[in-house]
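Welcome, and please open your viewer. We will go from the whole chain to a few selections, one stop at a time.

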Amino acid sequence: MEAERANFPMGMMARLLGVSRSGFYDWVRRRRDDPWEAAREAVRACWEASCGRFGARSARAVLAARGVRLTLHRVRGLMREPGVFSQVVLSRRGCGGNPGPKRDRRRTACTARGRGSAR
């Protein structure tokens, strides 16, 4: 329909194809570029670089250091859409040497699988 808009009336094309005109215009409006696509990719890249460790606050801090200015609320929303979230697994007692402070006893799921370093 979009290719023939200049040659035929929209009402006639919609009727022949069995679609509504409003449905076609709604489809055209949804096809526009997503203004947050670059930010979404930056958040996902930051999360993947952290091996799944970073939550919204850490991701926002790293992105701000890189010059990408986003609010915490926006980063949370962008992480929620594709299912990107921090996965923290508490280590068992007696495993892993000196337990240290509480945050040092936590390991990420990525570290538990051997793909990262415990902090």
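## The whole chain

Among contacts (heavy atoms within 4.5 Å) in the protein between residues at least 6 apart in sequence, 34% join residues at least 24 apart. Before you select anything, note that this is a predicted model, where local features need pLDDT of at least 70 and side-chain atom pairs count only at pLDDT 80 or more, while totals for chains, interfaces and linings use all residues. Residues are numbered from 1 along each chain as its sequence is written, and side-chain values use heavy atoms, with hydrogens and water left out.

Following the sequence, the order is α-α-α-α-α-β-α-β-α.

Accessible areas come from the Shrake-Rupley method with a 1.4 Å probe, and for residues only the protein chains shown count as cover. Of the 119 residues, 23% are buried; buried means under 20% relative accessible area, exposed means over 50%, and partly exposed lies in between.

## Into the core

Next, select V43, A59, L63, L70, V75, L78 and M79. Within the largest nonpolar core, which has 13 residues, these touch the most other members. Such a core is a set of buried Ala, Val, Leu, Ile, Met, Phe, Trp, Tyr and Cys residues joined through side-chain atoms within 4.5 Å. Helices α3 (37-49), α4 (56-65) and α5 (72-80) each supply at least two residues of this core, and α3 gives the most, with five.

Zoom in on A59. Beyond its neighbours within four places in sequence, A59 contacts C46, F54, V75 and M79.

Then colour α5, where V75, G77, L78 and M79 are buried. The cover over the buried residues of α5 includes α3 and α4.

## A buried arginine

Stay with α3 and pick R40. Is R40 buried or exposed? R40 counts as buried because its relative accessibility is 16%. Leaving out neighbours within four places in sequence, its contacts are D34, L78 and E81.

## Out to the surface

Finally, select L16, L17 and V19, which make a nonpolar surface patch of about 320 Å². L16 belongs to helix α1 (residues 10-17), and L16 counts as exposed because its relative accessibility is 67%. Patches are made of residues with over 30% relative accessible area and no salt bridge, with like charges joined within 9 Å and nonpolar side chains (Val, Leu, Ile, Met, Phe, Trp, Tyr) within 5 Å. A salt bridge is a side-chain nitrogen of Lys or Arg within 4 Å of a carboxyl oxygen of Asp or Glu.

Definitions and conventions:
Helix = DSSP H or I, 4+ residues; strand = E, 2+ residues; numbered from the N terminus. Buried < 20%, exposed > 50% of the residue type's maximum accessible area, 1.4 Å probe, protein only.
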